Amino acid sequence: MKILGLTGWSGSGKTTLLKNLLPELIKRRLSVSTIKHAHHNFDVDKKGKDSYIHRMAGAYEVMISSANRWALMHEIRDAPEPDLNQLIAHMTPVDLLIIEGFKFANHQKIEIIRSNFKKPPLALSDEYIIAIASDMPSDNIIFNDLNIPILDLNNMISLADFIIDNLDINDKVNQESNQ
């Protein structure tokens, strides 16, 4: 399973890019899963529902299942937050696992930088950033000290090509057409 992060400062558009990139990767017949890091308390459950009642009563894990999907909620309680490798171990293997957030973790990442954003590039100090996806031209002064590719944030075809080529993911569509 190949792993790639989409990173950037809060508000840089990581989720927007992921929403636009996923259909292009899936169109190429790649199986793709995601992990999203949240910096705040969140809940996927609804107060008053049976699964919520189970968790509030003290269950460490509650699984909800239907004909369409299943979800497993794991309460951390007093334990430390799991690291990224522990979370990845719970994922079903796929062709590509895209991680949104976890900006300081040690996996290959593409940084998102938009023209209206004024923070310095994370790539200046993060050796795991392999490219930048931006809506600014590659000759912008902000990119002068970087020796990595600057990709067009709005071109999902070239972003998908870059990911497949640089992570050495077998592009299933090209594989089948070559047979």
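Okay, let's start with arginine 28: at 10% relative accessibility, it counts as buried. Keep in mind that what you have on screen is a predicted model. So what does a buried arginine do with its charge here? Its side chain meets the side chain of aspartate 161 in a salt bridge, 2.6 Å from N to O. That pair links distant parts of the chain: arginine 28 sits in the loop between helix 1 and strand 2 (32-36), aspartate 161 sits in helix 4 (residues 156-166), and the two are 133 residues apart.

Are the two partners buried or exposed? Lysine 27 is exposed, at 55% relative accessible area, while glutamate 24 comes out at 10% and counts as buried. For reference, the cut-offs are under 20% for buried and over 50% for exposed.

Those two pairs belong together, by the way. Glu24, Lys27, Arg28 and Asp161 are linked in a network of salt bridges.

How many salt bridges does the count come to? It comes to 7, and I'd like to show you one more of them. Aspartate 126 and lysine 109 meet through their side chains at 2.8 Å, N to O. Lysine 109 is in strand 6 (109-113) and aspartate 126 is in the loop between strand 6 and strand 7 (129-134), so this pair ties together parts that are 17 residues apart in sequence. Look at the burial here: lysine 109 has 0% relative accessibility and counts as buried, and aspartate 126, at 13%, counts as buried too.

Okay, rings next. A search of the whole structure for aromatic pairs finds 0. What you do get is charges over rings. Which ring does the charged end of lysine 119 sit over? That would be the ring of tryptophan 9, with the charged end 4.8 Å from the ring centre. Then there's arginine 77, which lies over the face of tyrosine 60, at 5.8 Å from the ring centre.

Stay on arginine 77 for a second, as its backbone is worth a look. Its phi is near 55 degrees, a positive value in a residue other than glycine. Where is it? Arginine 77 is in the loop between strand 4 (70-74) and helix 3 (84-88), and at 36% relative accessibility it counts as partly exposed.

Arginine 29 has a positive phi of about 65 degrees, and it is not a glycine either. You'll find arginine 29 in the loop between helix 1 and strand 2. At 46% relative accessibility, arginine 29 counts as partly exposed.

Last stop, the surface. Which residues form the nonpolar patch? They are Met63, Trp70 and Leu72, with about 350 Å² of accessible area together. To get your bearings, methionine 63 is in strand 3, residues 61-65.

Okay, that's me done; over to you for questions.

Methods
Residues numbered from 1 in each chain as written. Predicted model: local features only at pLDDT ≥ 70, side-chain atom pairs only at ≥ 80, totals over all residues. Heavy atoms only, no water. Salt bridge = Lys/Arg side-chain N within 4 Å of Asp/Glu carboxyl O. Buried < 20%, exposed > 50% of the residue type's maximum accessible area, 1.4 Å probe, protein only. Helix = DSSP H or I, 4+ residues; strand = E, 2+ residues; numbered from the N terminus. Phe/Tyr/Trp six-rings, centres within 6.5 Å; stacked < 30°, edge-to-face > 60°. Lys NZ or Arg CZ within 6 Å of the ring centre and 35° of its normal. Patch = residues over 30% accessible without salt bridge, like charges linked within 9 Å, V, L, I, M, F, W, Y side chains within 5 Å. Areas by Shrake-Rupley, 256 points an atom, 1.4 Å probe, with all protein chains shown as cover.
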